[in-house]
Amino acid sequence: MTWNDFLESVSNSALGTAIREGATTFAWIEGTHVLMVTTVLGTIAIVDLRLLGYPAHRRGAKQLIKDMLPFTWGAFVLAVITGLALFASNALNYWDSNPFRWKMIALFLAGLNMAVFHLTAYRRIAEWDDLLPPPIMARVAGITSLGLWILVAFLGRWIGFSAPMV
Amino acid sequence: MNMREAAAQLYRTAVSTEIREVTWVIPTVQSIHIVAIAVVLGSAIVTDLRLAGVLATDETPRTVVRRHLPWMWGALLVLLATGIIMAVGEPNRVLMNNVFWLKMSLVLFAFVLTLLFRLPILNPEFRIEHGRWAKMVKPMAWASLLIWIAVVYCGRWIAYAI
């Protein structure tokens, strides 16, 4: 089975077909996807701005991260689930879409950036918890995260305006 | 002149045509609109959940609202500006659409709720527990969140209600 065959079988699966052919199914899943992606971006921006040295409603970075991360993670999981569902409804065409591919790359890089941050600067957060501005590694992580997630939002919107969706 | 005629006239203007015909304008304006939605949701989640007693309860409501409300106002302005560009560019899709007007009603409602229940908190003399609407603060905070969520769904549904 080739990759294209696999994508076609995903599209033709019961799930893919139900989403594609349902009267309002796609719209509801898409609406939820947008809500989740904007929630990820909105809650992560608060943390990223803190990493850049702009305090939110508290000065301590660690507690702020603890405040926000449950929402970011919860929204992210739902964004992935709804995203997979949307993809399944039209797998071949989404795979062929350049903005879609770049969006997946941006997502991967955002995840990588987060992992690096958690394994390095975050390990020593007690040292810089209420320091303004934070150390350079934290600021780099913050601006990279913010930039990548805004890019994800733009690329996601452009999928609908680019070939082969348009 | 009714809405249909107004929309048709708007459609024929040079500005409207330009917005529609320069291919990158509408997708870019919509993307900026989406990023601004994210800012509103981030602010709304923090302030509404603080008022609901769920998040950051070790910080005073005033601290939380004071920090996040300006971001919400700023983002709402960006949403208005990008929204106007989209309405001017595609007047039929926007102005002749029931879902759009439902969305505008909900936005107005959320905006008024925010004004009524957030602005007094900024006053250092104000005590939430002693305010006239003390019992309404928590339910209104949850209602506010739900209304913003409904606005997001309406926004996406505009495209499907044409």
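Visitor: Which residues touch the most other members of the largest nonpolar core?

Guide: Val40(A), Leu41(A), Ala38(B) and Val40(B) do, in a core of 59 residues. This is a predicted model, in which local features need pLDDT of at least 70, side-chain atom pairs count only at pLDDT 80 or more, and totals for chains, interfaces and linings use all residues. Residues are numbered from 1 along each chain as its sequence is written, chains are lettered from A and ligands numbered from 1 in the order in which they are written.

Visitor: What makes a set of residues a nonpolar core?

Guide: The members are buried Ala, Val, Leu, Ile, Met, Phe, Trp, Tyr and Cys residues joined through C-beta atoms within 7 Å. A second, separate core of 7 residues includes Leu7(A), Ala88(A), Ala91(A) and Tyr94(A).

Visitor: Why is Leu41(B) called buried?

Guide: Buried requires 20 or more other C-beta atoms within 10 Å of the residue's own, exposed 12 or fewer, and partly exposed lies in between, with C-beta atoms placed from the backbone. Leu41(B) has 27 C-beta neighbours inside 10 Å, so Leu41(B) counts as buried. Leu41(B) sits in helix H3 (residues 25-51) of chain B; helices here are DSSP runs of H or I with at least four residues, strands are runs of E with at least two, and both are numbered from the N terminus.

Visitor: What does Leu41(B) touch, leaving out residues up to four places away in sequence?

Guide: Thr38(A), Thr39(A), Gly42(A) and Trp148(B). Two residues are in contact if their C-beta atoms, placed from the backbone, lie within 7 Å. With the same exclusion, Ala38(B) touches Thr38(A), Leu41(A), Gly42(A), Ala45(A) and Ala153(A).

Visitor: How many residues does each chain bring to the contact?

Guide: Chain A brings 23 residues and chain B 25 residues. On the chain A side, H3(A) gives the most, with 12 residues.

Visitor: How do you know that the span of helix H7 of chain B is close to the expected one?

Guide: The expected span is 1.5 Å times one less than the number of residues. H7(B), residues 137-157, has 21 residues and reaches 30 Å from its first C-alpha to its last, close to the 30 Å expected. Its buried residues include Trp148(B) and Val152(B).

Visitor: What is the average confidence in chain A?

Guide: Chain A averages a pLDDT of 97, and 100% of the residues score at least 70. pLDDT is the predictor's confidence in each residue, from 0 to 100.
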